[in-house]
Amino acid sequence: MNEQTMSNDELIGLRQKIDEVDEKIQRLINERAGYAVQVAKAKKTQEDNPIFYRPEREAQVLKKVMARNESMGGVLPADKMARLFREIMSVCLDLEAPQKIAYLGPAGTFTHMAALKHFGKAATTVPLSTIADVFREVEAGSAMYGVVPVENSSEGVVNHTLDGFLSSDLKIIGEVELPVHHQFLVGEHTKVGAISKIYAHSQALAQCRQWLDTHYPNVERVAVSSNGEAARRIKNEWHSAAIAGEVAASEYNLHRLFENIEDTPSNTTRFLIIGREAVAPSGQDKTSILVSAKDQAGALIQILQPLAKHGVSMTSIETRPERPNKWAYVFFIDMLGHIDDANMQAALAEIRPQVKDLRVLGAYPKAVI
């Protein structure tokens, strides 16, 4: 039955029920917010430097929301229900202590989208020009947390982020996995039939190469610093288009001429949340370490064997030059599990005597939504 086949009285009755449910939801959200305020007061009373954002707690809540939704046969998909709760939690956290989040800008980038996905729209997000600036802002305490890209499933690792950890004591406290869907955007002044220039970040151009070759083979492609910058540039240009994400379209009031033009539909970017405090186990965690190996044969095997011996699953390994030393390298390794797990402790205890240095970059909840 739909609105066209319902009687007017039946339709009015359903809308009244929706109004009644809305009132209950509103009352319960305010009740939840009240408890959040009480938690904040307790923390301020009991702790000298209280930490209000707890990644492990939020991950646990979101996982419970998704599990409950599945068990009750919810009409909404579990991930969309979790996103609704993400925003409720964001507003409640803002009542406890407003959160300032630095990210690689400008506004409208996929990193901006990742920040909003992880912290919710109640957080105050601050765009910065470089990944190094994000690290500095968090180190200085000017921002509570930072969001930086670390790898893309199509284009690989983001070296500037890995290099940031070489000179920083900041910790990884969370991760975000964001499906990357590129939109072909035009402005209100664009003459669609006369597009002669397409702006985008170099990675976006690479990720949409086949689509561009098919639809705009002879149009100039201009690489810029970010997709957000691409969107900003075309706002008042009549002959240009941009490749960017949904947030950029909304931020700069642009029209989606074509949607989801990426060559690989499963294209995903992983982002790291950086902060200053350690994170307790959530039940489903990752641990990232930085290892400076000795200059000797079999150095990498000496790192990997203890992981296998103690049943620690490695999810990725990347190599970067160990500056300023020539021909020396460090390894960035991601593993499943928390640093407090017994098998993780045993494996790292065996690795440490075999290497020049081993630093735990962070133990944090796996991405939930």
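Lys44 touches Pro50, Phe52 and Glu96 when residues up to four places away in sequence are not counted, contact meaning heavy atoms within 4.5 Å. The place of Lys44 is in helix H1; helices (H or I, at least four residues) and strands (E, at least two) are DSSP runs, numbered from the N terminus. Lys44 is exposed, with a relative accessible area of 53%. The term exposed stands for over 50% relative accessible area, buried for under 20% and partly exposed for values in between, with a 1.4 Å probe and protein chains only. Between Lys44 and Glu96 there are 52 residues in sequence and 9.9 Å in space, C-alpha to C-alpha.

The model is predicted: local features need pLDDT of at least 70 and side-chain atom pairs count only at pLDDT 80 or more, while totals for chains, interfaces and linings use all residues. Residues are numbered from 1 along each chain as its sequence is written, and side-chain values use heavy atoms, with hydrogens and water left out.

Two packed helices are described by the angle between their axes and the distance between the axes. For helix H1 (residues 8-46) and helix H3 (residues 78-96), the angle is about 40° and the axes are 8 Å apart. H1 is therefore oblique to H3. Axes are lines fitted to C-alpha atoms, for helices over the stretch in contact, and angles run from 0 to 180 degrees between N-to-C directions. Angles under 35 degrees count as roughly parallel, over 145 as roughly antiparallel, 65 to 115 as roughly perpendicular, and the rest as oblique. The crossing of H1 and H3 is right-handed, a term used if the near helix is turned clockwise from the far one by less than a right angle, and left-handed if anticlockwise. On the H1 side, the contact is made by Ile29, Arg32, Ala33, Ala36, Val37, Val39, Ala40, Lys43 and Lys44; H3 contributes Ile88, Met89, Cys92, Leu95 and Glu96. The residues of this contact comprise 10 nonpolar, no polar and 4 charged. Here Ala, Val, Leu, Ile, Met, Phe, Trp, Tyr, Cys and Pro count as nonpolar, Asp, Glu, Lys and Arg as charged, and the others, Gly among them, as polar.

Cys92 lies in helix H3 and is buried, with a relative accessible area of 3%. Apart from its neighbours within four places in sequence, Cys92 is in contact with Arg32, Ala33 and Ala36. Cys92 and His182 are 90 residues apart in sequence and 32 Å apart in space, C-alpha to C-alpha. Cys208 is also buried, with a relative accessible area of 0%. The whole structure contains 0 disulfides, a disulfide being a pair of cysteine sulfur atoms within 2.5 Å.

Most residues other than glycine have a negative phi, and most peptide bonds are trans. The peptide bond from Gly105 to Pro106 is cis, with omega near 5°. Pro106 is in the loop between strand S1 (100-104) and helix H4 (110-119). Asn253, although not a glycine, has a positive phi of about 55°. Asn253 is located in the loop between helix H10 (246-251) and strand S10 (255-258) and is exposed at 61% relative accessibility. Asn260, not a glycine either, has a positive phi of about 50°. The loop between S10 and strand S11 (268-275) holds Asn260, which is partly exposed at 42% relative accessibility.
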